[in-house]
Every structure is written in structure tokens, then in C-alpha cells.
Amino acid sequence: MRFSEFGLTTLKEVPAEAEIVSHKLMLRAGLIRRLASGLFTWMPLGLRVLRKVEAVVREEMNRAGALELLMPAVQPAELWQKTGRWEQYGPLLLRMSDRHDRDYCFGPTHEEVITDIACRELRSYKQLPVNFYQIQTKFRDEIRPRFGVMRSREFIMKDAYSFDMDEDGLEVSYQKMHAAYTAIFERLGLKFRVVWADSGEIGGNKSQEFHVLADSGEDAIAYSEEDNYASNIETAATRLADGARPEASQPFEKIPTPGVRSIEDLCGLLDIAAEQTVKTLIVEGTDGPIAIVLRGDHELNAVKAQKISAIASPLTMADSATIQKATGSEPGSLGPVGLELPIIYDHAVANLADFYCGANETGHHYAGVNFDRDLPQPETVDIRNVVAGDPTPGGTGTLSIARGIEVGHIFQLGTKYSEAMGATVQDRDGNDRVLSMGCYGIGITRIVAAAIEQNHDDDGIIWPEPLAPFDVVLVPINMHRSDTVREAAEALYDELQGQGLGVLFDDRDVRPGVKFADAELLGIPHRLVISERGLAANELEYRHRRDEDSRDLNREAALNLLKESTIR
């Protein structure tokens, strides 16, 4: 492809609306252009990358035995009403009506549609197992689209759905998809981790997320190399601390703490560590307010909390008026001593001794608090976020925390949708069996942004070779003023294309510095520079995008290097 014919416009300045690296570079390199909030046009260069992702995903899904189809993006409301999600999905669901006042939505996902297909098409156990997939546009009406295509409203997704006779069959289908996803991200050249995750609004009993590791990732991942454990921070489990609780050694006393509104304030006033304190949070319960007690340096995990039957779901913090009425104190001075509310303690609180907590009296705290003496021995639960240094759930490793970008998610849905919609087949004995379903999603557009977040430098994108829009950028110096350079560049362009390489031929009449800057920005793996000096020596200047320096190579050596580096 000739640069002059490609319609590619690069930008020197960072667009004002871009917040993260991938958004900035995708706009600067001309991969995307913004149409409206959360809506982007994929320009020719970006589309080449997108199609490469799709090709790898499609090949691995086909290899795993999945069958490609294409379902409508617009879905009738009655399907979503059967499963209860028409109301449950909330404002993320883009609803619309046709000229006959029939309700529809623009699909954010396709569980209902594929289950309707199963109801119509699957009759016998002999048709199972089966796995259908599609690569298609979705729409979720995000309240605040941001980070470019990382969190846009319209996006392209690969979604697959498996159907099996029972849970054992579902486990087999699930593991096939786990293997296929692993192969996909390995082929794309991305560093990733597979973590246990919460199933969220999709539902089901078991799910895992595939995260591309990047410092800018929205999600925190807890992992341990020692026992190969990895989990999303939302579902990473904590355990009771080993060893006995220390004996009480300080007197129990109330102390004035004027102006203290937080653990940080308390530690600053008394010169103590947050680990020596507990904090008390008041949340809405199913039968009135409930207190949650955590160590002062820990954070409440909302996903874990709202799974406790006594706590209202979704998790809702009590307002100031409710707290004042329930405790007699303002937030900032709350504690478990003398509190006449149901109390849920986190595991990490159990081994504390001589700790500090609010006295349920504004501007006062207790010091030297101990269980068995000042408070009853607590029953504890796992209700906090893990932190670096925590033991793994099995106790054989130590957790580290990394940032990740979720690019894939696989679920075991079980019978949630098939039962609601009556998707059954006859088994060998002629009895109707409700189908067991799995659901498997990959964010095609998000993969492109995640790859950039993981692979870039100050000058631009550094594409993993399987994702690069072109294999090599050909940069002639002053070809518009040198017949020798122009003829050599044209011949080399034809030769490289004849070898099956994707070539971006920078035939523009611009300064060499502009060409080099754009080559860096676009991130194409290999660069060949043709100059009169090089031609006189039968040499080409070669540089890989990840290298710091260029090399002058014999023409034949340069072409052999390219050929070896781009073997598919």
C-alpha cells in the first residue's frame, strides 16, 4: 500500500479528549476517528488491525469446533422479558420501538436470542454438544464512555454459546473454550493472565476472565507464582490468619479525638498505624441497618458483601441520617463496642489485640480494645479486598497485585436461560432435559486498545507482529529528487509484495524526519530505508521497531532477515 494512496492522516498533537495512551495513539496514528460520545469510525489502518484480530479469533474458534452464525443486532423485547432482563439490565440497554409500537433493544449480548434458536433448532441429544459463535457489533449505553474504544458504547465482540445435556458436558465445552482463548491470546503476542471472576449480570456459577497485563488497566488482579493462583480482586479470597491472637496488654479507655473523621485522621492524631485500628461501616440490610467491621487499612469488597444474605443487594451504604439514628453518632466515630446493630466482622479483625475504634460518640474513640474482654469473640467472614502480601486461599503462596485489561470472559451459565425460555431436548430415554449453557465473550475492539497499552513507547505504538497492520514500512530518502532511489524503491516494493509481505511504501514528498516519526508512531515492526549512499554500497538501513539503533545490512541479508522474521 502506497502511503500517498492510503488516506492516512497522522496527528502531531495529542487530542484533548484522549485520556489514556491507547486512546491518544489510536487517534494520532489515524486508527480511529470520533463520531460522537462512545462512537468511533475505524479508519483503514485501524480496520486492518481489527481484521487481524478477528482472523485469529475465527481460526481458533473454528479449530475448537464452534459453528459461526450471525444473529440480529436488534432484538425483540419479549425475549428479554422471558428471562427478566428487560428490567434488570437497566439503562445500559438501548431500547427502541418500531412503527407498530413494538419494543426492541440493540443487543448488548445475545443469550436470549441464541437460546431462542436452541428452542427452535435443537430437539435431540444427538445434536449435542454444539457451540455457536458470531463476531458482531454490540451496544451498551455506558453512562460515561471513556478511554476511546476501551470503554465505548458501540463495540465489536465475539460471543459464543455452548449447549450440552448436563453439567459434565458443559465442563468439557468450557475447557475447550478456555484452551481456545489461551491459544488466541498467545497467537496475538500478548502477555495475559486468566483469573477467577464474578459472573455479574450475565449470571452462572463459574467464570474466568482473560486480562492483558498493563499498568493502565482498570482491573486489579491478585496472583501468586508459587501456587499458580490468579483472581480478579473482586473474587480473590482471604483466609483466617494463622496463629493465636495476642493477649491483651493495654487498658480499655475512651479518648477524645476532636475533628477525626477518618482512619487517616485518627492515625495522624495518635501516631499509630492503620493496622492497629478497625473501621465500622453501616450498610442497608434486608431487615434494617447492618454494621461491617474491617481492619483500618482494608477496603470493603462490594461483590462479596452483597452475597451475604443479610445485606441488601446491590450493596448500599447507609446515609448520615440512618447512621445517626442507629448509632447516636456521626460517621467517623463509629465502632463495634456497645453497638446495638447486627455486626459482620472480616477475617482480618479476628487476630487483633489492643486496637482502636470509634466510641459511637462524635469526637471520641476507644483505645486498647480486645475481644473476650471488651467485645464478644467474633465470628468472621471474607468481606474485604485482598492486598499484596496476603496468603493465597490455599496458604501455599503469597499474593501480588497487578493491573489488567479484561479482554475475554468465559461463563458456565448452567440452566439460567434455557430453563427460563424452555430450551429442552429429549435424552436417550425420551425424557425432556433442560439444556446446560456456556457463554464465551471476547472484546475484539478492546483487544486492539489493550495491545497498545501493553506495547508502546514515547514515540508511538509497538505492534506485536501478529497484530501489525503491515509487516514492513519502506522509507525511500529523497526519491522525488533521485531517479536511482525511486527506481530501487519501486523494485523493492514489488519484490516484498511478491513475497507475500504487507508493505507500507512511504512515497510521500516530505522530509525524512517526518517519515521516520510517522513510522515510529504507526508501530510497524520492520523498517527499511533506501538512500543513494546505501544503494552505492548495496545496503539497506534496517531497524526493528523495538530496537534502539538501526543497522546497515547487505540487501540480500536484509531481505532474508525480513523473510525469516515474518514467516507465518
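Here are some numbered notes on a predicted model, taken one region at a time.

1. Helix α2 covers residues 44–63 and helix α11 covers residues 444–454, and their axes come within 9 Å of each other. The angle at which they cross is roughly 115 degrees, and the crossing is right-handed.

2. Which residues of α2 and α11 meet? From α2 you have V49, L50, V53, E54 and V57, and from α11 you have I444, T445, I447 and V448. Sorted by type, the residues of this contact come out as seven nonpolar, one polar and one charged. To make sense of the spacing, remember that an α-helix has 3.6 residues a turn, so residues three or four places apart point the same way.

3. Next, strand β8, residues 154–164. Of its 11 residues, 10 are buried, so the rest of the structure largely encloses this strand. For this count, a residue is buried if its relative accessible area is under 20%.

4. What does β8 pair with? One partner is strand β7 (residues 130–139), antiparallel to β8 and paired with it over 10 bridges. Look for Y133, which sits opposite A160 in β8. Strand β23 (residues 436–443) also runs antiparallel to β8, and eight bridges join the two.

5. Now for an open sheet of four strands. Its order is β14-β15-β16-β19, and the pairing is mixed. Why do β14 and β19 each have a side without a neighbour in the sheet? β14 (278–285) and β19 (380–381) stand at the edges with a single partner strand each, so one side of each is left open in the sheet.

6. Stay with that sheet for a moment. Strand β16 (residues 343–346) and β19 run parallel, and two bridges join them. If you want a pair to locate, Y345 stands opposite T380 in β19.

7. Is Y366 buried or exposed? Y366 has a relative accessible area of 13%, so it counts as buried. Leaving out residues up to four places away in sequence, Y366 touches F252, E253, K254, V337, F355, Y356, C357, G358 and A359. As for R28, it is 338 residues from Y366 along the chain, and their C-alpha atoms are separated by 57 Å.

8. Helix α13 (residues 512–522) comes next. Its buried residues include D518, A519, E520, L521 and L522, and K515 is buried as well. Just after α13 comes G523, with a positive phi of about 75 degrees.

9. Finally, R543, which belongs to strand β29 (residues 539–544). R543 carries a charged side chain, and yet it is buried, with a relative accessible area of 14%. What does the side chain of R543 reach? It makes a polar contact of 2.9 Å with the side chain of E520, which is one of the buried residues of α13. The side chain of R543 also reaches the backbone oxygen of D547, at 2.7 Å. Setting aside residues up to four places away in sequence, R543 touches E520, P525, H526, R527, E548, D549 and S550.

Methods:
Residues are numbered from 1 along each chain as its sequence is written. This is a predicted model: local features need pLDDT of at least 70, side-chain atom pairs count only at pLDDT 80 or more; totals for chains, interfaces and linings use all residues. Side-chain values use heavy atoms; hydrogens and water are left out. Axes are lines fitted to C-alpha atoms, for helices over the stretch in contact, and angles run from 0 to 180 degrees between N-to-C directions. A crossing is left-handed if the near helix is turned anticlockwise from the far one by less than a right angle, and right-handed if clockwise. Contact means heavy atoms within 4.5 Å. Two strands pair if DSSP finds at least two bridges between them. Buried means under 20% relative accessible area, exposed over 50%, partly exposed in between (1.4 Å probe, protein chains only). A polar contact is a pair of N or O atoms within 3.5 Å; within protein, one must be able to donate a hydrogen and the other to accept it, and residues adjacent in sequence count only if both atoms are side-chain atoms.
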